[in-house]
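Here are some notes to read with the structure open beside you. Take them one point at a time, and find each place in the viewer before moving on.

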Amino acid sequence: MPDFMNNCTFFVGPTLQGIEPLKHLRLDVTCLPPVRRGDVEALTSQSPPGHLVIVDGIFHQFPSVGHIELRTALKKGWRVWGLCSMGAIRACEMRDLGMRGYGTVYERFVQDEDFTDDEVALLHGPAHPYPSITEPLIHMRFALDDLVTRGGLSRREAAAVVEHLSRLWFGYRTLALLRQLVLECRPQMETGIVDTWLANFEPFRIKSWDLWKFLQERPWQKRD
């Protein structure tokens, strides 16, 4: 029997930002760069079965990780998890084929058929630590919900901002643009309030929070 307890490989990149990796990733965990087409096939053809966790993936510069290679990994005895970003997308698509999903982002894909892949997409640097250049739309949604709760925007105004952002290529979705759109909705709002809100954006990065919780819970160590 494969030792599922001590063999776990993560494909992860920008979602790891803001997390103290050395605090959570132990010797039984291997981290590889964001997955792209062929990476899973290469790994599973050279290593004995274990746990495979897809977090981040490439889909703009190179072909994205394929369903066939993930299904082949499952057939070989690998337990494949998906969360946060590309992983959540594939886990939703393959949830009836044995791939396991985790977290808020995954549940959003499962529950909302209109939730599109580009909601989790962002531009980032090409190498570790893969610094973010833009912000995923799902993070902006959570941030705008918070601003509505605070009374800074109405629900209609927040929906208009989301609608504007959703029509854009994900590479244009920056916090600077979000700031501009909010102030256009509420020109009377003090810029300092918006700047403070954006300076404390970390709680809205739900992709990273999903990963943090996954690392805390370590569900791959729990036997079925």
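**Notes on helix packing and some loop residues**

1. Let's begin with a pair of helices: H7 passes H8 in a right-handed crossing. On the H7 side, the contact is made by Glu-157, Val-161, His-164 and Leu-165, and on the H8 side by Leu-177, Leu-178, Leu-181 and Cys-185. Sorted by class, the residues of this contact of H7 with H8 are six nonpolar, one polar and one charged. Please keep in mind throughout that this is a predicted model.

2. Now for the geometry of that pair. Two packed helices are described by the angle between their axes and the distance between the axes. H7 covers residues 155-166 and H8 covers residues 175-185; their axes come within 10 Å and cross at roughly 140°. An angle over 145 degrees would count as roughly antiparallel, and H7 and H8 are therefore oblique to each other.

3. Stay with H8 for a moment. Which residues of H8 are buried? They are Leu-177, Leu-178, Leu-181, Val-182 and Leu-183. The buried residues of H8 pack against H6, H7 and helix H9 (191-199).

4. H7 has another partner to look at, H6. The axes of H6 and H7 come within 10 Å and cross at roughly 165°, and the two helices are therefore roughly antiparallel to each other. The crossing of H6 and H7 is right-handed. From H6, the contact is made by Leu-137, Met-140, Arg-141, Leu-144, Asp-145 and Val-148; from H7, by Arg-155, Ala-158, Val-161, Val-162, Leu-165 and Ser-166. These residues of the contact of H6 with H7 divide into eight nonpolar, one polar and three charged.

5. Next, please find His-139, a residue of helix H6 (residues 137-149). Is His-139 buried or exposed? His-139 counts as buried because its relative accessibility is 4%. Leaving out residues up to four places away in sequence, His-139 touches Phe-201, Phe-204, Arg-205, Ile-206 and Lys-207. For Ile-206 there is a further detail: its backbone nitrogen lies 3.4 Å from a polar atom of the His-139 side chain.

6. For a contrast in angle, turn to helix H2 (residues 39-46) and helix H3 (residues 67-75). H2 and H3 pack at an angle of about 20°, with their axes 8 Å apart. That makes H2 roughly parallel to H3. Their crossing is left-handed. Asp-39, Val-40, Glu-41 and Thr-44 of H2 make the contact with Glu-69, Leu-70 and Ala-73 of H3. By class, the contact of H2 with H3 has three nonpolar, one polar and three charged residues.

7. Pro-129 sits in the loop between H5 and H6, and the peptide bond from His-128 to Pro-129 is cis, with omega near 10°. Tyr-130 is placed in the loop between H5 and H6 as well. Tyr-130 has a positive phi of about 55° although it is not a glycine. With a relative accessible area of 11%, Tyr-130 is buried.

8. Ile-133 is found in the loop between helix H5 (103-111) and H6. Ile-133 counts as exposed because its relative accessibility is 55%. How far apart in space are Ile-133 and Thr-174, C-alpha to C-alpha? They are 7.5 Å apart in space, and 41 residues apart in sequence. Neighbours within four places in sequence aside, Ile-133 is in contact with Leu-123, His-124, Gly-125 and Thr-174.

9. Finally, go to Arg-218, in the segment after helix H10 (206-217). Its phi is near 50°, a positive value in a residue other than glycine. Arg-218 counts as buried, at 4% relative accessibility.

Methods
Residues are numbered from 1 along each chain as its sequence is written. This is a predicted model: local features need pLDDT of at least 70, side-chain atom pairs count only at pLDDT 80 or more; totals for chains, interfaces and linings use all residues. Side-chain values use heavy atoms; hydrogens and water are left out. Axes are lines fitted to C-alpha atoms, for helices over the stretch in contact, and angles run from 0 to 180 degrees between N-to-C directions. Helices (H or I, at least four residues) and strands (E, at least two) are DSSP runs, numbered from the N terminus. Angles under 35 degrees count as roughly parallel, over 145 as roughly antiparallel, 65 to 115 as roughly perpendicular and the rest as oblique. A crossing is left-handed if the near helix is turned anticlockwise from the far one by less than a right angle, and right-handed if clockwise. Contact means heavy atoms within 4.5 Å. Ala, Val, Leu, Ile, Met, Phe, Trp, Tyr, Cys and Pro count as nonpolar, Asp, Glu, Lys and Arg as charged, and the others, Gly among them, as polar. Buried means under 20% relative accessible area, exposed over 50%, partly exposed in between (1.4 Å probe, protein chains only). A polar contact is a pair of N or O atoms within 3.5 Å; within protein, one must be able to donate a hydrogen and the other to accept it, and residues adjacent in sequence count only if both atoms are side-chain atoms.
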